[in-house]
Amino acid sequence: MRLKLLLASSLLISTFSITAQQRRTCGTHDRYLQAVQADPGIAIRRAAKDQEMQEWIKRHATSRTSSGTVLVTVPVVVHVLYYNSTQNISNAQILSQLDVLNKDYSKTNTDTGLVPSVFKPLAADVQVQFCLANVDPSGNPTTGIETRAVTTTQIGNGNKYYQYSQGGMNAWDHTKYLNFWICDIDGGSTLGYTYLPGSIPASQDGVVIDYRFWGTTGTVSAPYDLGRTASHEVGHWFNLEHIWADEAACAADDGVADTPQQKGENYGCPTFPQTTSTGGRCSTTDPSSMYMNYMDYTDDACMMMFTVGQVARMQAAITAYRSGLLTSNGCSGATGIKELNTLATSIYPNPSQGVFEFTILENAPVALTITDLTGREVFSHAYDTNEKTIFNLSNQADGIYIAAFECNGKRSVRRIIKN
């Protein structure tokens, strides 16, 4: 699909809102126009970066890594700003959102099976994982969670949330961490918002989510109670635009070739095929609009996929905008693209109910360390050359784990799933 024109390509901010009918709407276009009016250079700079990213995607089109590989682990810091005890969400609620992000960005979400058959070949693993930071920007141990009682109601509706002097909490180094601010934005109308990379100052670079729409337990409110608001907003943080490109009646494109162009946003839970209504397809050659994409406006239960093209765009954005994640130590030696394929490794079965076997193409001792997504070590062992290369996680909870192999000065990091 064609790239959007200069102004349309420079989406500044994504805002999810609920009306009285519980529908998502977005103030993106107005905020974008205001930003460009204040600084027209935003549009020019982002258009240039877009061109760089398209070239990167072309160069890497034939060198995609296999599904299950961790390209980058993103250290997450969660700043909770609460006006009352209800807004001071539990650690369980915080962790439930990390679980959703890791499943949605690895295509291990259980509802991926509901993707219509015609679109299933396009559903893709982003190969990005998220963990609560356990090392802060000063090198000190941390839980990755900060809380602060505030005296400002609806602190997320303005610019106080990211300023400590105004009652908020300062962002951690945006090149090394993904900052989330969880708070009351505007009384429940707005679900969350974020900024595309390169469009705002470092102090605001992150994602703001209302406490009612973060995670899958605690204070969450249906129909946005499955954690997909964060999945959508992080897509923007990695430079994805809305699937209909914020222009009605097929006037623009999201810059991704395999997302069918559509007339506008979809709401609720459409029925396949969606061809004719506001969020319907633009071309009769497309089977339907892709309303089940995380970058549309459907209810949480009806969002369930990123495409191959969106994955390529996000991976290009890591290189173009967020390369600092590749060397971040926010999760005790986070893994990045530079560490991939230095040690040929295979793991099987994966997923497994507990017992895994691995092979490497080296005749030398191997050190294996396995951590969960909070950075907690759950297994480590040094294998000699005559030892059977099996490890057992049967005593661990079901979920995603990170296996790091080292041998002959080479390293491989793989995602494993225990179910």
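Which residues does Phe238 touch, not counting residues up to four places away in sequence? Phe238 touches Val74, Tyr105, Val128, Phe130, Arg313, Met314, Ala317, Ile318, Arg322 and Leu325, where contact means heavy atoms within 4.5 Å.

Before I go on, this is a predicted model, in which local features need pLDDT of at least 70 and side-chain atom pairs count only at pLDDT 80 or more, while totals for chains, interfaces and linings use all residues. Residues are numbered from 1 along each chain as its sequence is written, and side-chain values use heavy atoms, with hydrogens and water left out.

Phe238 belongs to the largest nonpolar core, which has 37 residues, and together with Phe130, Phe180 and Trp214 it touches the most other members. By nonpolar core I mean a set of buried Ala, Val, Leu, Ile, Met, Phe, Trp, Tyr and Cys residues joined through side-chain atoms within 4.5 Å, buried being under 20% relative accessible area with a 1.4 Å probe and protein chains only. Among the elements that each supply at least two residues of this core are strand E3 (72–82), helix H3 (91–104) and helix H5 (308–320); helices (H or I, at least four residues) and strands (E, at least two) are DSSP runs, numbered from the N terminus. E3 gives the largest share, five residues.

A second, separate core of 18 residues includes Ile347, Phe356, Val366 and Tyr401.

Turning to Ile347, this residue stands opposite Phe358 in E10, and E9 pairs with strand E10 (residues 355–360) in the antiparallel sense over four bridges, pairing requiring that DSSP finds at least two bridges between two strands. The open sheet has three strands in the order E9-E10-E13, with antiparallel pairing. Strand E9 (345–348) and strand E13 (390–392) are at the edges with a single partner strand each, so one side of each is left without a neighbour in the sheet.

Note on methods
Buried < 20%, exposed > 50% of the residue type's maximum accessible area, 1.4 Å probe, protein only.
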